[in-house]
Amino acid sequence: MSTPHMIAPRTPRGREQAAPADRQLDLLPLPSKEEEAAAAPPSAPPAAAEPALAPAMAVPDGSAAAPPKRRATAEQMAQKQREISISEFFTKNRHLLGFDNPSKALLTAVKEAVDNSLDACEEAGILPEVRVEIGELPGGRYRVAVEDNGPGIVKAQIPKVFGKLLYGSKFHRLKQSRGQQGIGISAAVMYGQLTTGKAAVVVSKTGRGRPAHHFEIQLDTRKNAPVVLRDEEIPLEKDHGTRVEIELVADWLHGQRSLTRYLEQTALANPHAAFTYLRPGAEAIVFPRASSEPPKEAVEIKPHPHGVELGALMLMLSESKARGLGAFLCQEFSRVSSRLADEICDRAQLPRTRRPSSLDRAQAEALHRAIGETRIMAPPLSCLSPIGDELVRKGLINFLSVTEADAPDPEAGGGAEEPGRGRGGAEAAEERAPDEPPDPEVARIKGQTFFIATVTRPPRVYRGNPFQVEVGLAHGGNWPADRPIELYRFANRVPLLFQRSACGMTDAIVKTDWRNYLLSQPKGALPVGPMVLLVHIASVWVPFTSESKEAVAHYPEIIKEIQLAAQECGRKLAAHIRRRQHADYEAKRRSIFELYIRELAHSLHGLTGRPEDRIEKKLLALAKGFTGGEEDGRPERVENEEGEEPPARAPSPPEDEAE
Amino acid sequence: MDATSRKTTQKLVKLAEDVVAQASAGRNPAVEVPTRSLANVRFNEKKRIIELGGDKQKRLFFNVAQAKKFMQTFLVGAACRELIAEGKTTSIRDLYYLTKHTLGKTKQNTFEEQEESDPIIEDLEVTVDALREELHLFASNKGNLVGEITLVDSGDTIDARRMGSGGWGVPSIVEADVIQFKRHEAKFVLLVEKDAVFRRLNEDRFWKKHHCILIHGGGQPPRGVRRLVHRLHDELSLPVYVLVDNDPWGFYIYSVVKQGSINLAYESMRMAVPRARFLGLSSFDKERFGLPDNVTIQMTEDDERRGKQMLAYPWFEQKPWRREIERMLKSGVKLEIEALSSMGISFITDEYLPKKLREGDWLE
């Protein structure tokens with residue numbers, strides 16, 4: 001156990017191994033914390049468990065006076081027991097998938113479709129062009145249509161992709177992608193079907209010269225299988241792409257804001273994508289592509305040995321086609337050389353030639369333990385595709401240019417508040433001196449000045465999973481200076497709009513001391529200031545707290561990385577704020593001088609008879625030179641006028657002989 | 001225009017020309033203002049007056065802390081030049097209004113209040129080495145005079161023996177071209193701190209009985225009063241006695257009359273009377289004249305601090321003075337001149353002053 005580790009999966013695993021013992025101890029009548037912490041010796045649990053079981057068995061005997069009448073026999077009950085289809089489960093538990101209420105349904109449906117579009121385009125190496133249309137229908141119904149220029153879906157797969165839950169390509173691989181389980185879009189289809197009874201319409205074309213397929217798909221919730229109502233070939237102008245249309249009951253009034261937010265932020269985190277958003281009762285929004293550089297392709301990797309849990313390992317062992325244990329370890333995992341595989345086998349006291357599927361539970365556990373005790377190189381990081389400093393910056397600029405200045409975070413509540421409090425944008429712009437050195441991190445957008453800083457951290461690993469954190473911020477403009485900052489959370493380029501306070505990312509930002517970076521910050525809250533902060537975590541496996549993927553779990557490794565990135569951004573921000581304060585000061589100085597120059601020129605003219613305008617010009621020319629910061633602005637000697645004065649007779653001021 | 005006015009005008013113009021030249025040379029325009037602070041005054045042991053030292057403070061235009069004062073200096077300078085050219089003289093309050101106006105479209109004024117413009121005038125005086133009179137400025141009148149003297153004020157003959165209860169108002173400018181002494185029977189000058197004491201002594205015709213000139217300065221005596229006292233002492237060889245409250249402020253008034261002030265150290269030569277005598281109230285007078293305890297006033301912390309400060313002044317170094325100040329500090333109380341009235345309304349006229357003068361009970 002004391003073997004040093006290159007990476008740190010030891011702690012969680014250690015906890016899991018201890019778990020059975022803990023659970024048994026929990027059955028003890030009065031388990032105290034100290035006893036738990038003492039981690040009883042291996043022999044203790046069985047002995048200790050017995051007294052715990054005994055009272056439980058004794059309960060029926062004690063209350064035997066009036067035995068309750070049996071209502072049903074095991075056989076009768078067996079008749080009612082049957083398999084629950086995954087679709088049925090989710091029909092009842094739609095909140096798990098983000099369809100809790102009509103206002104959120106709209107967003108979730110769009111989100112699932114857009115995520116799929118972006119994933120597909122990325123994998124195919126296409127710069128995405130996504131069109132989102134919301135059409136209002138009578139009776140509180142809406143038609144959601146999402147169309148992309150992606151690679152398209154082959155005919156045979158279309159029904160399953162859209163009409164079967166848990167069907168997808170992304171679940172079984174370790175690669176950074178937006179979607180993961182293959183639930184999302186079919187859940188949206190299912191929700192539409194539940195609320196309107198209408199089938200989803202899917203049109204897809206895979207390439208030039210090929211036909212486009214038009215499908216109408218429903219979902220058989222009993223069987224979790226697609227039902228194709230219509231399947232025909234239609235002509236389509238574009239070369240490739242997919243369009244999905246779902247009719248559903250939704251609450252546009254309350255849902256529109258988060259939907260707009262989602263699209264804005266998606267555009268922000270995907271600067272290589274172009275979005276068009278058509279909506280009822282308002283102008284279309286177009287997010288142009290901010291960069292024509294497609295994101296780095298995320299490479300699929302094998303799992304890292306330190307990230308695998310015992311059950312998963314057993315499954316892998318039983319399914320492996322490898323001949324021996326050594327080959328199994330080398331083939332199924334990343335970073336395992338044959339020398340390292342030997343080391344693991346030796347430590348587990350298993351021959352390396354042993355067939356993987358022949359291991360029993362105890363042996364598998366020994367192998368699992370041996371893996372944990374072996375030093376293994378950190379997983380390859382090529383599986384990650386961060387947005388990148390430059391693109392985060394471009395995304396922010398694009399975002400600031402397009403977004404409508406309106407409401408704060410959907411969760412924060414409160415009505416739309418027009419900015420304009422705090423510093424006026426125009427004024428801020430005018431203050432800038434023409435001779436001020438240009439600040440590369442300052443962007444002028446829509447007549448307003450923003451400071452933009454971005455930080456991409458080097459990749460790190462939690463529990464064998466590589467991840468990478470990026471933080472970007474935009475500060476300034478005419479955003480209110482007395483309200484909490486806007487925190488935008490992203491996981492694999494997908495904006496997280498809900499459960500802000502439950503999210504580890506929020507936690508990391510709240511626990512960063514922003515007062516060090518010249519922002520005010522109430523205790524235990526987000527900092528206050530005219531700022532948007534973007535936090536992105538890219539990982540092959542983002543640890544969400546639930547299947548609706550709205551919050552990231554509090555892993556210390558992740559929180560630490562976010563804080564480091566935030567601090568780095570914060571330092572840049574503080575430097576900017578200081579520069580800014582200095583520039584303001586210089587501008588103020590200049591304006592003071594300009595004010596006095598006119599007076600002085602007039603007086604000098606009166607005294608010398610020289611032309612006033614010539615004197616004024618000379619002084620104005622000098623003023624520019626003297627407000628560049630060379631003069632330190634301090635009197636060379638402070639006048640000592642109050643050092644020694646006659647004793648003042650309060651309250652009248654000293655008269656002396658000044659009159 | 002007389003020679004003095006021409007000379008003063010030249011000085012003002014030169015100051016401005018220097019600034020224009022500096023600006024033309026691309027330098028930060030600066031004027032050198034002799035520092036009017038304790039650090040830059042010296043007590044001249046021989047002459048026993050306070051003199052201004054050689055320290056000068058550079059006042060830069062392109063310096064946030066100094067730009068306004070710089071501008072104000074020339075604003076005042078230009079106004080004075082105009083006054084001289086027109087042959088008019090005005091009060092410093094007038095000058096304040098004359099030069100006060102709003103700057104551009106701001107809410108700022110060239111001067112916000114007179115307290116701001118007065119020191120600028122003093123700065124200009126020392127900078128161009130011209131007296132206030134030479135700049136055609138005067139302060140508002142303060143201080144009155146009665147006594148056995150006849151003088152001429154701007155051509156009008158003033159008989160100071162016939163000035164009623166208020167006395168003749170001492171003008172701000174009392175130079176020889178304005179005030180001439182014609183005739184006098186006075187044997188000394190008595191300068192009292194307050195108007196109230198002046199009235200009491202005048203009503204009692206103290207000056208007639210003791211053949212003196214009685215002057216008050218309404219607290220700290222203004223330049224006009226100090227200059228006049230200086231001239232009376234200097235030209236008519238009259239000894240000067242000073243009667244002030246027994247507190248640090250009173251002592252300070254005496255010291256200003258005697259050797260000049262820090263603020264106007266550059267005028268000490270023309271104003272100080274090094275041989276002025278401190279007649280009272282002494283810290284020992286309460287015992288000597290049997291004044292009741294209830295007439296004293298508790299010293300404040302400020303008084304105490306000032307008292308201790310005064311102990312450090314070179315002109316209060318002599319032993320009798322140290323005794324005075326130490327005694328006052330020790331007792332922790334101060335005494336106003338009016339406290340003498342507790343012994344009778346004319347106690348001061350009939351007993352206190354005559355006794356002091358008779359016995360030579362003063363400090364120098």
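**Helix packing, chain interface and local features**

In this predicted model, helix α3 (residues 92-99) of chain B packs against α4(B) at an angle of about 110°. The axes of the two helices are 10 Å apart. Angles of 65 to 115 degrees count as roughly perpendicular, so α3(B) is roughly perpendicular to α4(B). On the α3(B) side, the contact is made by Ile92(B), Arg93(B), Leu95(B) and Tyr96(B). On the α4(B) side, Gln114(B), Ser117(B), Asp118(B) and Ile121(B) take part. By class, this contact has four nonpolar, two polar and two charged residues.

Helices α8(B) and α11(B) pack at an angle of about 35°. Their axes lie 9 Å apart. From α8(B), the contact draws on Pro248(B), Phe251(B) and Tyr252(B). From α11(B), it draws on Asp303(B), Arg306(B), Gly307(B) and Met310(B). The residues of this contact divide into four nonpolar, one polar and two charged.

The area buried between chain B and chain A is about 4,900 Å². Carbon and sulfur atoms give 61% of that area. In chain B, the residues that lose the most area to chain A are Phe62(B), Val64(B) and Trp249(B). Together these three account for 16% of what that side buries.

Between chain B and chain A the count is one salt bridge. Arg610(A) forms a salt bridge with Glu17(B). The closest N and O atoms of this pair are 2.8 Å apart. Five residue pairs are in polar contact across the interface of chain B and chain A, with both residues at pLDDT 80 or more.

Over all chains, the count comes to 67 salt bridges. One of the salt bridges joins Arg143(A) and Glu247(A), with the closest N and O atoms 3.8 Å apart. Arg143(A) lies in strand β2 (residues 141-147) of chain A, and Glu247(A) lies in strand β6 (residues 241-249) of chain A. The pair therefore ties together parts that are 104 residues apart in sequence.

Ser103(A) lies in helix α6 (residues 102-124) of chain A. The side chain of Ser103(A) makes a polar contact with the side chain of Asn101(A), at 2.8 Å. Leaving aside its neighbours within four places in sequence, Ser103(A) is in contact with Asp251(A), His254(A) and Gly255(A).

Two features of the backbone were also noted. The peptide bond from Gly280(B) to Leu281(B) is cis, with omega near -5°. Leu281(B) is found in the loop between β15 (277-280) and α10 (285-288) of chain B. In chain A, phi of Asn492(A) is near 45°. This is a positive value in a residue other than glycine. Asn492(A) lies in the loop between β13 (486-491) and β14 (494-496) of chain A.

Terms used
Residues numbered from 1 in each chain as written. Chains lettered and ligands numbered in written order. Predicted model: local features only at pLDDT ≥ 70, side-chain atom pairs only at ≥ 80, totals over all residues. Heavy atoms only, no water. Buried area = accessible area lost by both parts, 1.4 Å probe. Salt bridge = Lys/Arg side-chain N within 4 Å of Asp/Glu carboxyl O. Polar contact = N/O pair within 3.5 Å; in protein donor to acceptor, adjacent residues only side chain to side chain. Axes fitted to C-alpha atoms, helices over the stretch in contact; angles between N-to-C directions. Helix = DSSP H or I, 4+ residues; strand = E, 2+ residues; numbered from the N terminus. Parallel < 35°, antiparallel > 145°, perpendicular 65-115°, else oblique. Contact = heavy atoms within 4.5 Å. Nonpolar A, V, L, I, M, F, W, Y, C, P; charged D, E, K, R; others polar.
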